Number of protein chains: 2
Amino acid sequence: MKNSIGREIPDFIPGLGKVTGFGGAFARKPVGRTAGAALSTCLPRADKLLASIETAIDAVGLKDGMTISFHHHFRNGDRILNRVVEAIAKKGIRDITLSPSSLNTVNDALIPYIEQGVITAIETSGARGKMGRFLTEGHLKKPLHIRSHGGRAQAIESGAIHIDVAFLGAPACDRYGNINGIQGQSACGSLGYAIQDAAYADQVVAITDNLMPHPLFPISIPQTQVDYIVVVDSIGDPAGIASGALRYTKDPKELLIAKYAADVMDYSGYLQQDFSMQLGSGGASMAVGRFIKTKMLERGITGSFGVGGMTGVFAEMMEEGLFKMMFDVQSFDIPAIDSIKKNSNHLEMSASYYANPHNSGAIVNNLDAVILSATEVDVDFNVNVITDSNGVIMGASGGHCDTAAGAKLTIVVAPLLRGRLPMVKDAVHTVVTPGETVDAIVTERGIAINPKRLDIIDNVKNSGLPIMSIHELKDIAYKLCGKPEAIQLSDEIVGVVEYRDGTIIDVIRRPKF
Amino acid sequence: MKNSIGREIPDFIPGLGKVTGFGGAFARKPVGRTAGAALSTCLPRADKLLASIETAIDAVGLKDGMTISFHHHFRNGDRILNRVVEAIAKKGIRDITLSPSSLNTVNDALIPYIEQGVITAIETSGARGKMGRFLTEGHLKKPLHIRSHGGRAQAIESGAIHIDVAFLGAPACDRYGNINGIQGQSACGSLGYAIQDAAYADQVVAITDNLMPHPLFPISIPQTQVDYIVVVDSIGDPAGIASGALRYTKDPKELLIAKYAADVMDYSGYLQQDFSMQLGSGGASMAVGRFIKTKMLERGITGSFGVGGMTGVFAEMMEEGLFKMMFDVQSFDIPAIDSIKKNSNHLEMSASYYANPHNSGAIVNNLDAVILSATEVDVDFNVNVITDSNGVIMGASGGHCDTAAGAKLTIVVAPLLRGRLPMVKDAVHTVVTPGETVDAIVTERGIAINPKRLDIIDNVKNSGLPIMSIHELKDIAYKLCGKPEAIQLSDEIVGVVEYRDGTIIDVIRRPKF
């Protein structure tokens with residue numbers, strides 16, 4: 001059965017059951033009600049403090065087959081996820097569904113627990129490194145379930161993901177369970193993904209290295225949602241949680257792409273007083289900010305709000321008065337963490353507020369423009385950010401398809417070639433973001449505007465920019481490097497890519513390595 | 001069938017169905033899951049603005065038998081509730097359940113709609129004035145359903161109250177539905193009660209007289225929960241929304257009671273560094289703050305946090321450094337509204353965070369002391385705040401039973417006599433707060449400590465305070481005024497008082513007027 005973008009999606013996928021194929025970016029209307037967490041109660045002045053992670057696993061009654069969740073705000077500095085799974089494994093618990101907001105290379109350490117059957121299903125935004133390869137090889141019992149950040153929020157709220165126990169790394173936690181992400185040695189800034197888990201999990205365990213007097217302030221996750229608290233030495237390695245200020249790329253090719261992207265945004269008419277914007281955290285997409293900033297200063301215009309995974313570069317633009325507010329689901333570097341700590345107009349938001357398509361309107365719906373990176377794109381403007389040229393899982397869905405669907409103008413930036421490989425192709429290996437939500441593909445050699453955006457085509461036609469059709473772009477790439485060889489695939493489905501609305505936009509089949 | 005405090009509660013109450021009698025303040029453990037709001041979706045940049053309240057009623061598909069909710073943060077200045085019900089009536093819709101967080105005398109205007117059958121059920125914290133009398137006379141089709149603020153949050157979250165449509169008065173609302181209560185001509189401060197309604201109602205209509213550019217900031221209720229927006233000339237009369245600064249009483253009797261209460265708190269050992277406190281907004285209970293403040297300054301101690309319906313008096317203590325933080329579910333006067341607007345440690349909280357017994361721990365659970373008023377108390381330490389000496393509904397449950405259950409020390413202040421009527425009696429007419437959660441009754445003539453609090457009895461025994469048994473207190477009252485005549489009651493149940501956990505603690509029977 002082919003879905004609406006022509007991808008072959010079986011009706012039934014072993015390990016996942018019956019699935020629905022993607023039918024268009026806004027085709028699926030939700031029915032029913034949001035899922036509810038288990039009701040709880042807590043006596044006045046009850047002591048929520050437990051001695052260890054092991055005690056907490058006992059206290060929540062964790063057992064075979066349950067789903068546990070984590071947030072990935074500590075990135076490669078995370079010391080929670082591996083530690084909890086290790087403790088679960090030691091207790092002989094098996095068949096766990098792991099449902100983190102994402103995985104990082106630090107989580108390669110989980111591979112043995114997949115081999116042992118402790119973890120038999122994973123739902124995540126992405127996977128990288130050895131884990132990506134391992135999952136692509138099909139070692140996980142059920143297919144890897146990829147969701148975007150908005151799609152995960154949607155799945156949690158609709159009950160498609162039912163979290164039995166959320167284990168939350170808490171940079172600051174008071175004795176009754178109020179939590180924030182901005183105080184302490186493991187400060188990570190926004191706790192946007194964790195907000196969702198805390199609200200919908202049946203039970204919530206806060207794990208902290210910074211137990212503070214009650215009541216802590218500000219409060220990102222309220223005591224009313226936290227059942228147990230465990231104090232450990234360290235929940236994260238600060239060096240891995242956040243780097244120093246992420247700076248603009250100096251790569252000339254990336255800078256050229258960035259300049260083109262800023263120009264497209266400008267000529268398209270979206271660089272106006274009070275515009276709103278999201279920038280991806282990739283080299284070229286972040287560098288667009290530099291050119292946008294110059295244009296804003298030259299023209300004397302200011303923006304309304306920025307959205308994202310937030311970087312110091314963006315926070316700086318707010319401090320300089322170029323943007324009024326920032327909505328932050330995830331703080332990428334130390335300046336961003338400092339900013340959310342000190343600026344009241346740098347707002348923490350939940351993943352649902354950010355990007356859930358099935359609420360009454362996420363903030364991505366209000367975006368004028370978003371600049372996104374890509375692993376590869378195709379002549380239908382479909383974008384892949386999850387598999388590499390060998391078909392191996394090595395990326396993350398993130399907010400890619402969410403912001404593309406929400407923004408008035410979606411620009412995807414990518415080099416035309418990586419090494420000897422074309423990045424504009426006849427068909428991407430895996431579709432994460434459907435072409436119908438992508439307005440422009442910007443490479444160093446040329447720019448293609450989605451044919452359905454006649455308005456933009458008209459606006460850029462006298463810009464002097466190297467505008468061409470997507471087929472011309474692809475032809476240049478193929479001419480330079482040759483047509484890429486098709487990846488030889490087995491029939492085995494090792495992963496599914498779920499669109500933000502809960503339908504399956506693509507499957508990942510095991511390559512014949 | 002008698003409940004655990006000896007009140008006769010039928011198993012089945014016409015109009016309400018099967019009910020469960022109160023079984024002790026912490027006896028009921030919740031089972032099941034929180035209720036979910038209807039899933040929704042909203043296209044990017046959809047226009048939520050509707051032309052009128054009438055259009056909004058059409059848009060949400062309001063029909064016979066539905067439940068609609070309102071918040072009472074505008075108190076007697078409210079211009080939303082009556083206006084919406086009037087529009088509903090004009091459309092010929094009937095059999096509506098009205099579920100506001102409370103009613104004020106301004107809502108006496110609803111009486112005709114009850115007579116006409118437009119409104120056939122009311123769930124509220126309380127009722128006053130003509131409405132209170134009218135409801136006591138049994139004109140409403142179903143018994144009036146009284147809940148505390150925490151109990152209402154619990155009922156909404158458990159699904160006992162299912163809100164089809166929440167109509168929210170929004171002092172500031174942007175074009176995509178972000179709301180706060182602190183900006184504009186109708187600023188009311190905290191929107192604590194409305195936060196609950198917005199999160200759990202199937203559909204949410206924001207009604208505002210202050211439409212602001214998107215995105216508004218700060219955000220109390222997010223755009224993700226708001227479906228429609230209606231702009232009207234005025235949502236509230238500022239003079240009715242909040243008075244100037246509520247000041248301490250000058251009544252000598254109230255001041256004496258307040259002084260005694262502060263002394264009881266002091267001798268009981270709860271006036272310690274980092275203590276937390278809630279003060280009711282009644283004359284005597286508010287005046288306790290004055291004596292507490294003097295003691296704090298004399299002793300050089302500071303408190304941790306204050307809770308409540310917030311007044312400027314309390315906010316001032318925070319500004320003076322006497323308290324670190326305030327948790328505010330409802331801002332009572334203009335200085336409190338100003339404070340929540342400008343002080344980041346004056347926190348808005350939802351009704352669930354405030355007082356819901358069925359989450360993982362509301363802030364009332366962390367209270368050291370609460371000072372509460374009473375209409376009348378009895379020898380079992382039960383408290384009535386809902387009916388007067390004629391059995392007529394004239395008050396509100398508020399957070400009375402919630403804070404009493406949560407605080408380590410619950411002091412109830414009341415005059416021993418009002419006119420020629422004893423306020424300490426053999427049995428209160430209506431129990432709102434069970435005696436097991438009340439530690440001390442303080443009157444101008446004497447103080448009774450709950451016999452189960454041997455620790456407090458021991459602590460106050462050499463205080464020089466007029467400590468006596470509750471029976472002695474009652475005897476003094478009866479000696480001075482005579483034993484009050486029993487109210488002659490019919491069998492008809494015109495109201496039920498639900499305890500915060502969803503059980504019925506008392507019923508209100510129609511007096512034989």
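This is a predicted model: local features need pLDDT of at least 70, side-chain atom pairs count only at pLDDT 80 or more; totals for chains, interfaces and linings use all residues.
**Chain A as a whole**

Chain A contains 15 helices and 29 strands. Its radius of gyration is 22 Å, close to the 24 Å given by the globule rule for 513 residues, so chain A is as compact as a globular protein of that length. Along the principal axes, the C-alpha atoms of chain A fill a box of roughly 70 × 55 × 40 Å. Of its 513 residues, 65% count as buried. Where contacts in chain A link residues at least 6 apart in sequence, 73% of them join residues at least 24 apart.

The accessible surface of chain A amounts to about 17,200 Å², and carbon and sulfur atoms account for 50% of this area. The chain carries 49 positive and 55 negative side chains, with the centres of the two sets 2 Å apart.

**The surroundings of E376(A)**

E376(A) belongs to strand β19 of chain A, which covers residues 376-378. With a relative accessible area of 2%, E376(A) falls under the 20% cut-off and is therefore buried. Its side chain forms a polar contact of 2.8 Å with the side chain of K425(A). A polar atom of the E376(A) side chain also lies 2.6 Å from the backbone nitrogen of H429(A). Beyond its neighbours within four places in sequence, E376(A) is in contact with N382(A), V383(A), N384(A), M423(A), K425(A), V428(A), H429(A) and T430(A).

P218(A) sits in the loop between β12 (211-212) and β13 (228-231) of chain A. P215(B) is placed in the loop between β12 (211-212) and β13 (228-231) of chain B.

**Positive phi angles**

D274(A) is not a glycine, yet has a positive phi of about 70°. This residue is located in the loop between α8 (252-267) and β14 (277-279) of chain A. The relative accessibility of D274(A) is 38%, which lies between the 20% and 50% cut-offs, so D274(A) counts as partly exposed.

In chain B, F381(B) has a phi near 70°, again a positive value in a residue other than glycine. F381(B) is found in the loop between β19 (376-378) and β20 (383-384) of chain B. At 2% relative accessibility, F381(B) is under the 20% cut-off and so counts as buried.

Conventions
Residues are numbered from 1 along each chain as its sequence is written. Chains are lettered from A and ligands numbered from 1 in the order in which they are written. Side-chain values use heavy atoms; hydrogens and water are left out. Helices (H or I, at least four residues) and strands (E, at least two) are DSSP runs, numbered from the N terminus. Buried means under 20% relative accessible area, exposed over 50%, partly exposed in between (1.4 Å probe, protein chains only). A polar contact is a pair of N or O atoms within 3.5 Å; within protein, one must be able to donate a hydrogen and the other to accept it, and residues adjacent in sequence count only if both atoms are side-chain atoms. Contact means heavy atoms within 4.5 Å. The radius of gyration is taken over C-alpha atoms; the globule rule is 2.2 Å times the number of residues to the power 0.38. Accessible areas come from the Shrake-Rupley method with a 1.4 Å probe; for residues, only the protein chains shown count as cover. Lys and Arg count as positive and Asp and Glu as negative; His and the chain ends are not counted. The place of a charge is taken as NZ of Lys, CZ of Arg, CG of Asp or CD of Glu.
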